[in-house]
Amino acid sequence: MYLRGVSFTYAGGALPALRGVDLVVRRGEMVVVMGASRAGKSTLVKVLNRTIPSFQPGSLQGEIWLLGQRCEQETVADFAGRIGLVAQDFEAQLFSTSVECEVAFALEQFGVSPPEMRQRVHAALRSVGLEGFEERDPATLSGGEKQRLAIAAMLALEPELLVLDEPTTDLDPLGKEEVLAVLAGLRREGRTLVVVEHETIAAEMADRVVFLAEGRVLADMPAQAALRSPEWFRCCAVRPPDLAVLAHGLGWAEPVRSVEQAAARVRERLMPVQKDDRAAGQQQGEASGHDVLLVAEKLSLRYEAHAPPALANVSLTIRTGEFLALLGHNGSGKTTLAKCLNGLLRPSDGEVRWKGVPILSIPLAERAVAVGYVFQNPDHQIFADRVWDEVAFGPRNLGLSEQAVAERVRQALGAVGLLERCDDDPFWLTKGERQRLAVASLLALEPQVLILDEPTTGLDYNEQRQTMELICRLHRQGMTVIMITHTAWLVAEYAERVVLLHRGELLFDGPTHELFARDDLMNAARFRVPDIVRLGQRCGVRVRSVEELVRMVGRRSEDR
Ligand SMILES: Nc1ncnc2c1ncn2[C@@H]1O[C@H](COP(=O)(O)OP(=O)(O)OP(=O)(O)O)[C@@H](O)[C@H]1O
Ligand SMILES: [Mg+2]
């Protein structure tokens, strides 16, 4: 695959999305593309599978060679089966009535024999952990299960070139590693891969990393070199690896390869330390003993009579002012529990009470200002054709005056940085902006409890930080926050309390640091404790971020 001087401007777009991109990917290479939102990553992906120019009006320039062939008039269809795509909006890709048909569909088009088809479908589903889901309707899968299915459908096709646009955003941490390992395995078999990713673990498996910024290739370097240079990641809004940032922060010239190695070096500099000083670490607030807001009592829920329960006997108490994270593997029941907590779903057994009153008996408008829920996929929530109206819908329904509505909308859009876009159609916004719009429409209702279902998926690191700052600001102003996430550093840095679901059962409910010390639970939950937290554990200090440890080591060194 070879691009020379490739530029593209969307029809109606003021600025080019790609500007003179040069890129060579050799057969059998795995190249990871990283960059901030709007850097041009998805446009590049569309060029690589011929969606541009086949379906996307605009002006394309430059030389494009795909699979050894110079492209002039070729369309997507000319490379069908040879170039596979997992799109960023993977839900839009799914259309069949069963998981099995979804994966088999393309194989049928290419006349693959039934026995081979069965074998390929089975192997693809197994490699993404969807064995046993064959008969399920894709529309009823959990977010992460849908993303796994989109990947399986492409794997079964066995294309020569695989192009994946952020394929692991909704996967649990172990799921991310497993899918990336499958991709690395395909590379070893000689297939060629271009993977857009925000996570540095993808770089660990790649040959090269290409950093994009404002439509240009900023740098193209061997993956190992990229992994040692946090500044490249930072300038492309990717969270750099903990150990690289630590090495940088402490001025280590030699790279560190493992948590153990880093711990040995940090321990030297932490000595001597008072025993009680070590145990104290950063204060991590325990569940605050305020008023009880929400009580879930022995919730069970089965979507289908013969299916295993999505929730099994889950009890939970939420008090004012808490900030808690809801964790669990894909399909563990997080979204289901969240929807029960605000009355969107009725449990088969058990009850949710808001300040002692059954939530389902509370009128809808009142419920909306008690517990707000931001959907996992913002597109499930957004329906208006103007940003302003999207946010105004809720307050209008509360029967507020137009003036009060306008005030709320202005505040909510201002808080998420979208006030200037108030006249736009929501579907012109990027995924990150739509995510923030979904948050804004809940903020405008001023609920006492805000449940956010994976609010940072698909956002770049800077946007993730901005979103978290916004959520923290609301929390400081008294909002109670429940955040569903698969992102370990978010949990470490922000959550005081964690609730862990596993196959619909509640496995843990307590302080974050206690859960992080439980390897058995972390493994069961398919979760990964951040490197910096593990390093702290090895050194006997409780830390939540690299910056905290750097400060601690710096301070200790000065003390001596
Ligand atoms: N409408 C439905 N019909 C049948 N089964 C469903 C339906 N919705 C969810 N499920 C199943 O219930 C289980 C829990 O799903 P849920 O969406 O709560 O998981 P989750 O923890 O939010 O997962 P993810 O991390 O992937 O978002 C999953 O096995 C899912 O396939
Ligand atoms: Mg979910």
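Predicted model: local features only at pLDDT ≥ 70, side-chain atom pairs only at ≥ 80, totals over all residues.
Local features were taken at pLDDT of at least 70 and side-chain atom pairs at pLDDT 80 or more, while totals for chains, interfaces and linings use all residues; side-chain values rest on heavy atoms, with hydrogens and water left out. Residues are numbered from 1 along each chain as its sequence is written, and chains are lettered from A and ligands numbered from 1 in the order in which they are written.

The magnesium ion (ligand 2) is coordinated by OG1 of Thr335 and OE1 of Gln376, at 2.0 to 2.3 Å. Donors are N, O and S atoms within 2.8 Å of the metal (3.2 Å for Na, K and Ca), and sites may look incomplete because water is not among the atoms. Helices (H or I, at least four residues) and strands (E, at least two) are DSSP runs, numbered from the N terminus. Thr335 is partly exposed, at a relative accessible area of 23%, whereas Gln376 is buried, at 14%. Here buried stands for under 20% relative accessible area, exposed for over 50%, and partly exposed for values in between, with a 1.4 Å probe and protein chains only.

The buried residues are Lys41, Thr43, Leu44, Val45, Val47 and Leu48. H1 is followed by Arg50, which is placed in the loop between H1 and H2. The phi of Arg50 is positive, near 70°, in a residue other than glycine. Arg50 is also buried, with a relative accessible area of 1%. A cis peptide bond, with omega of about 10°, joins Ile52 and Pro53, and Pro53 belongs to helix H2 (residues 51-54).

Two helix pairs were examined. The axes of helix H5 (residues 114-127) and helix H6 (residues 143-157) come within 8 Å and cross at roughly 140°, which makes H5 oblique to H6. Axes are lines fitted to C-alpha atoms, for helices over the stretch in contact, and angles run from 0 to 180 degrees between N-to-C directions. Angles under 35 degrees count as roughly parallel, over 145 as roughly antiparallel, 65 to 115 as roughly perpendicular, and the rest as oblique. The crossing of H5 past H6 is right-handed; this term applies if the near helix is turned clockwise from the far one by less than a right angle, and left-handed if anticlockwise. On the H5 side, Arg120, Ala124, Leu125 and Ser127 meet Leu149, Ala152, Leu155, Ala156 and Leu157 of H6, contact being heavy atoms within 4.5 Å. By class, this contact has 7 nonpolar, 1 polar and 1 charged residues. Ala, Val, Leu, Ile, Met, Phe, Trp, Tyr, Cys and Pro count as nonpolar, Asp, Glu, Lys and Arg as charged, and the others, Gly among them, as polar.

In the second pair, helix H18 (residues 431-443) and helix H19 (residues 461-476) pack at an angle of about 10° with their axes 11 Å apart, which makes H18 roughly parallel to H19. Gly432, Arg436, Val439 and Leu443 in H18 meet Glu463, Gln466, Thr467, Leu470 and Leu474 in H19. These residues divide into 4 nonpolar, 3 polar and 2 charged.

Leu429 is placed in the loop between helix H17 (402-415) and H18 and is buried, at 4% relative accessibility. Not counting residues up to four places away in sequence, Leu429 touches Val387, Arg421, Asp424, Arg434 and Leu437. Its C-alpha atom is separated by 38 Å from that of Ala247, 182 residues apart along the chain.

Thr200, in helix H8 (residues 200-205), is likewise buried, at 11% relative accessibility. With residues up to four places away in sequence not counted, Thr200 touches Met34, Leu227, Phe233, Val238, Arg239, Pro240 and Pro241. Thr200 and Gly414 are 214 residues apart in sequence and 32 Å apart in space, C-alpha to C-alpha.

Ala237 is found in the loop between helix H10 (230-235) and helix H11 (242-249). Although not a glycine, Ala237 has a positive phi of about 60°, and this residue is buried, with a relative accessible area of 2%.
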